[in-house]
Amino acid sequence: MGYDEPARGESVDRHQSGPATAVVPEPPPAAEPGPDRVAVHVAWEAVLAGTVGVLGLLLWLQDPHVLRGNGLRELLVGVVGLGLLALAAGLSLRTAAPNLAIGPVAVAAALHFAEQGDRGTTDAMVPALVVAVLGGLVLAMFVVLLHVPAWAASLAAAAGLVTYIERRPVPVLVQAHYDPRHNAYQLFAGLLAVAVLGGLFGAIRPVRGLVGRFRPVEDPARRRGTVAALVTGGAVVGSTVLAMLAGVLLAANGADRVVPEPGLDWTALGVGMALLGGTSAFGRRGGVSGTMLVVVLAGLFFAYVDAAGHEISRWAVAGAALAVGLVVTRMVETYGRPRPATGEPPDTGPGGDPSTSSGWTLSGPETYGGPWPPALPARSTEDPVDPWGRWDGERNRWRGDRE
């Protein structure tokens, strides 16, 4: 009845002497203070390294020719193609703007390279690169200017690319003369350097905070600022270009034709490999060499299945990678967040997770102290005064006068 309750998200100056009428909006909450813990990434990458060793031994026992000579070169080029796709997914995930169009982009680039490769590698690559940059810029503008979820905007772009791909009813013969297997070791070394150095660079606290600025910390529809928009837009463009390069390599790696397929299974596989490598689905957090280890693991697995004479769907592999990758994301978010400051317990929400705090927890009684007047006056401990005592005295005196 007369009290003004400040809205949620606003603070009141409690040091003023008069009524609390000045309402000052609080600044938006910043990212979590303190450095992220990397022990969880080190432990998980050790598990991945052991798995790679076991699978490599199994492949050697199954068919040692795959790990020698031309077989090894073809395997390394395939790993580089998968690695570029995983890097494209991981780059967009680290900036909290997942690009779901990377699979259709790779298939479209493979079809273009198969058709135009006979004109020369440069003449075939330059138009594909220009289209990838322009398409990535358009997608980035939708994401950062309208500030809409990147998965929705990139899914719309994927639908347009699938329409382009489906216009080709038959497989396209690869007419290119470029054979990346001649430079397989150089390509693999380049991918290894980019993946590991990028992971080390992203582990630096200021860089990790800069890359993850687009990750929402309160209302997800609230804009995160110009710097976050520029970083995220660059990541969207970069992921599109990396997906284009992956498609070119996969088409040129000894394939005789490219099948016009939607390519969404490649998207699922790329995102699954990035998550399995330790990149968080929420953005910002990621490991150092986890993505590279998962890419090698995927290449060895596909080579082992092929050497054993079996067939397996990419959808099945992608689904398994996504399922395990989501568990890894929960592990990374739980054990990779900064430790709370000494003497300050974490602000836990209903589920006990500091990251899911709702902000509705009421403070103790001291919150309502200060200049706010109490709703009811304090009761005195002395004997109360009977308001009817005065009238009893007057009535007795009136009776005495009549007598």
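Which helices and which strand each supply at least two residues of the lining of the second largest pocket? They are helix 2, helix 3 (102-116), helix 8 (226-252), strand 4 (257-258) and helix 10 (290-307). Helices (H or I, at least four residues) and strands (E, at least two) are DSSP runs, numbered from the N terminus.

The model is predicted: local features need pLDDT of at least 70 and side-chain atom pairs count only at pLDDT 80 or more, while totals for chains, interfaces and linings use all residues. Residues are numbered from 1 along each chain as its sequence is written, and side-chain values use heavy atoms, with hydrogens and water left out.

Select Leu250, Asn253, Trp266, Phe302 and Arg314, which are the closest to the centre of the second largest pocket among the 32 residues that line it. Its volume is about 1200 Å³. A pocket here is an open set of points on a 1 Å grid over the protein atoms alone, where a 1.4 Å probe fits, with protein on both sides within 12 Å along at least five of seven lines; lining residues have an atom within 4 Å of a point. By class, the lining comprises 18 nonpolar, 6 polar and 8 charged residues.

**Phe301 and Phe302**

The ring centres of Phe301 and Phe302 are 6.1 Å apart and the planes stand at 65°, so the pair is edge-to-face. Rings of Phe, Tyr and Trp (its six-membered ring) pair if their centres lie within 6.5 Å, and planes under 30 degrees apart count as stacked, over 60 as edge-to-face and the rest as tilted. The count by this rule is 1 aromatic pair. Phe301 is partly exposed at 29% relative accessibility, and Phe302 is partly exposed at 23%. Buried means under 20% relative accessible area, exposed over 50%, and partly exposed in between (1.4 Å probe, protein chains only).

Next, select residues 69-94, which form helix 2. Its 26 residues reach 36 Å from the first C-alpha to the last, close to the 38 Å expected at 1.5 Å a residue; the expected span is 1.5 Å times one less than the number of residues. Of these residues, 19 are buried. Helix 2 is followed by Ala96, whose phi is positive, near 60°.

Move to Asn99, in the loop between helix 2 and helix 3. Asn99 is buried, at 2% relative accessibility. Its side chain makes a polar contact with the side chain of Ser239 (3.0 Å), and a polar atom of that Asn99 side chain lies 3.1 Å from the backbone nitrogen of Ala101. A polar contact is a pair of N or O atoms within 3.5 Å; within protein, one must be able to donate a hydrogen and the other to accept it, and residues adjacent in sequence count only if both atoms are side-chain atoms.

**Two further loops**

Select His147, in the loop between helix 4 (121-145) and helix 5 (150-165). His147 has a positive phi of about 50° although it is not a glycine, and it is buried at 13% relative accessible area. Most residues other than glycine have a negative phi.

Finish in the loop between helix 9 (264-276) and helix 10, where Arg284 is found. Arg284 also is not a glycine and has a positive phi, of about 75°; its relative accessible area is 6%, so it is buried. Arg285 lies in the loop between helix 9 and helix 10 and is buried at 0% relative accessibility. The side chain of Arg285 makes a polar contact with that of Glu333 (2.8 Å).

Terms used
Points joined across faces, edges and corners; volume = space filled by probe spheres on them. Nonpolar A, V, L, I, M, F, W, Y, C, P; charged D, E, K, R; others polar.
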